[in-house]
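Please open the model in your viewer and keep the selection panel at hand. The stops below are meant to be taken in order.

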Amino acid sequence: MQKIYNKEDLVKVAKRDNNNKRTFLLVNPLQGKHIPVSPTAALELFKKLANKLINKYPNEKFLVIGFAETATAIGATIAAQCPEGTKYIHTTRETIKNSEYLFFSEAHSHAVEQKLVKNNLKEMIEKTDRIIFAEDEITTGNTIWNIKNILEEQYSKKKLNFGVISILNGMNKKNME
């Protein structure tokens, strides 16, 4: 029997001590971040997300971008479940030797500046039908909007298609559109 998740399965609220911009944190008890979880339970949830993506966009090649730090495992698991030809990369706050970056902001974060390694990104995008942003939780969608606009500007010669996949989605209807 297929597991159906309810909000109590997927979200808890925790107080945050180190972020004046947002004093709370939404914690997903099945994600494996902040709260220990059975790896099987976490991977089952991530694979269900991947199946939703594959069913929505059948026969497409994806570039999955996982957001650091909390959604890197989610994004990697989703990409691993997708069809052959899917590529995966994650954003970072770190400096990686010999790398060029696309910079964008995550205004609500304690670490506002995010970056995406640009090396080989053009080649991956050229072989991609759709760029999928993988997140654990989306509040407004502003961070995704920021990186989407930068990618469209940087790679304007190719018509880019985008999608978003997340465990929790707090966006209003206007932002979802």
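Throughout this tour, a contact means heavy atoms within 4.5 Å. The model is a predicted one, in which local features need pLDDT of at least 70 and side-chain atom pairs count only at pLDDT 80 or more, whereas totals for chains, interfaces and linings use all residues. Residues are numbered from 1 along each chain as its sequence is written, and side-chain values use heavy atoms, with hydrogens and water left out.

Colour by pLDDT, the predictor's confidence in each residue from 0 to 100: the mean for the protein chain is 90, and 95% of its residues reach 70 or more.

Select Met124, which lies in helix α4 (residues 121–126); helices (H or I, at least four residues) and strands (E, at least two) are DSSP runs, numbered from the N terminus. Which residues does Met124 touch, leaving aside its neighbours within four places in sequence? They are Leu63, Lys87 and Ile89. Met124 counts as buried because its relative accessibility is 15%, where buried means under 20% relative accessible area, exposed over 50% and partly exposed in between (1.4 Å probe, protein chains only).

Next select Leu121, which, with neighbours within four places set aside, is in contact with Leu63, Leu102, Leu116, Leu151 and Tyr155. Leu121 is also among the residues with the most contacts inside the largest nonpolar core, a set of 43 residues; such a core consists of buried Ala, Val, Leu, Ile, Met, Phe, Trp, Tyr and Cys residues joined through side-chain atoms within 4.5 Å.

Move to strands β5 (residues 101–105) and β6, which run antiparallel and are joined by 5 bridges; two strands pair if DSSP finds at least two bridges between them. Here Phe103 stands opposite Lys115 in β6, and the charged end of Lys115 sits over the ring of Tyr101, 4.5 Å from its centre (the criterion being NZ of Lys or CZ of Arg within 6 Å of the ring centre and within 35 degrees of the ring normal).

Now display the aromatic rings: those of Phe, Tyr and Trp (its six-membered ring) pair if their centres lie within 6.5 Å, planes under 30 degrees apart counting as stacked, over 60 as edge-to-face and the rest as tilted. By this rule there are 5 aromatic pairs. Tyr101 and Phe103 form a tilted one, 5.8 Å centre to centre with 55° between the planes. Phe133 and Phe162 are stacked, because their centres are 5.7 Å apart and their planes at 10°; Phe133 belongs to strand β7 (residues 130–138) and Phe162 to strand β8, 29 residues apart.
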